[in-house]
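Please keep the sequence and the model in view while reading.

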Amino acid sequence: MIPIELSSLKKLNHLSLELNNLTGFIPASFGNLSSLRGISLAANNIQGTIPSELGRLTNLVFISLDVNNLTGTIPSSLFNISTITEFWAAANHLTGTLPANIGLTSPNLQGFSCANNNFQGEIPVSFSNASQLQILELVTNMLTGQFNIENNLLGTNATDDLSFITSLSNCTNLQILGLDFNNFISEIPSTIGNLSDQLNRLSLAHNHISGIIPAAIESLANNALYLENNLLSGPIPSFMGKLRNLQALVLKGNKLRGQIPSSLGNITLLYLIDLSDNKLEGNIPASIGHCEKLNQLDFSQNNLIGPIPDSVVSIFSLSLVLNLS
């Protein structure tokens, strides 16, 4: 149990109780800790709802409630704390919607995650107002890319379902964008190339995203690209070889056709390539052997022919996965 006596520590600045196997509920009286700037209750077995009284903590900068058994909605009062820079509530059983004005009421957000919950509704376009945003993780929910402005529903056809990405170009410090396991039925917009040059990881996996891989992807500087288990079609573009910072490329479980571009051999920092379960054909390019840091390579469940290049077999670092079946 969380000791309710902690509520009397009015001068307490930071409260960190993560990884303690705590049970019970978050005391509503924690709302009296008026000096509190940071609170972490992550990785426990806490249940019940998040008390709305926490919204009285007007000096709060950091809150972490990840990996518990919390239910209900996130109180709107928490999103009205303008000082918050990091808000973590992933891996619970939370429901409801994200407030449309979250980027306006919490303009100093640098990190936000509500991944692995049961949120529904539209991803707020107001996230673009949080120009310091570095991490945005919304994976494994039931969110869509459509949003309402003055009762006019935008993105009513499938090709606009990811149009909110355009607004994120204002988040020039964005480092991680994770939108896996949602309900996107769309093509990847060309404006994806306008995302932050600080972006390290882009993941749109496990949706229903269709169309081709857009040329705008080559403008990204990220080191991990996860587009697996969608409905992407067409060839793997040769411009992918220009993504020299890329370390992980996962395109498995799509409808990609054509040959594996030899230009992938230019991405010498790659440690993971997974192109399995597509409709790729032709030979395995010998240039893949230039990716000397590879420890996972999976080209299985395609229509590839010809011998396996000696340069690929001789990659010394291939120690975890080599699947060419």
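## Basis and overall dimensions

A residue is called buried when its relative accessible area is under 20%, exposed when it is over 50%, and partly exposed in between, with a 1.4 Å probe and protein chains only. By this criterion, 51% of the 325 residues of the protein are buried. The model is predicted: local features need pLDDT of at least 70, side-chain atom pairs count only at pLDDT 80 or more, and totals for chains, interfaces and linings use all residues. Residues are numbered from 1 along each chain as its sequence is written, and side-chain values use heavy atoms, with hydrogens and water left out.

Along the principal axes, the C-alpha atoms of the protein fill a box of roughly 70 × 45 × 30 Å. The accessible surface, computed by the Shrake-Rupley method with a 1.4 Å probe, comes to about 13,900 Å². Carbon and sulfur atoms contribute 50% of that surface. The protein carries 12 positive and 21 negative side chains, and the centres of the two sets lie 5 Å apart. Lys and Arg count as positive and Asp and Glu as negative, while His and the chain ends are not counted; each charge is placed at NZ of Lys, CZ of Arg, CG of Asp or CD of Glu.

## Strands and sheets

The protein has 2 helices and 25 strands. These are DSSP runs numbered from the N terminus: helices are H or I of at least four residues, and strands are E of at least two. Two strands pair if DSSP finds at least two bridges between them.

Strand β5 (residues 69-72) runs parallel to β7 and is joined to it by 2 bridges; Gly72 has Leu94 of β7 as its bridge partner.

Another open sheet has 5 strands in the order β16-β18-β20-β22-β24, again with parallel pairing. Here the edge strands are β16 (210-211) and β24 (303-304), each pairing on one side only. Strand β18 (residues 231-235) is parallel to β16, with 2 bridges between them, and Leu231 in β18 stands opposite Ser210.

## Nonpolar cores and contacts

A nonpolar core is a set of buried Ala, Val, Leu, Ile, Met, Phe, Trp, Tyr and Cys residues joined through side-chain atoms within 4.5 Å. The largest has 87 residues, and those with the most contacts inside it are Phe87, Phe112, Phe127 and Met240. A second, separate core of 5 residues includes Ala224, Tyr226, Val250 and Leu272.

Contact means heavy atoms within 4.5 Å. Apart from neighbours within four places in sequence, Met240 is in contact with Ile213, Ile217, Leu225, Leu249, Leu264 and Ile267. Among contacts in the protein with a separation of 6 or more, 54% are between residues 24 or more positions apart.

## Two individual residues

Ser64 lies in strand β4 (residues 62-64). Ser64 counts as buried because its relative accessible area is 6%. Not counting residues up to four places away in sequence, Ser64 touches Ile39, Ser40, Leu41, Ala42 and Trp88.

Met1 is in the segment before β1 (14-16), and counts as exposed because its relative accessible area is 65%. Leaving aside neighbours within four places in sequence, Met1 is in contact with Leu22, Thr23 and Gly24. The C-alpha atoms of Met1 and Ile102, 101 residues apart along the chain, are separated by 31 Å.
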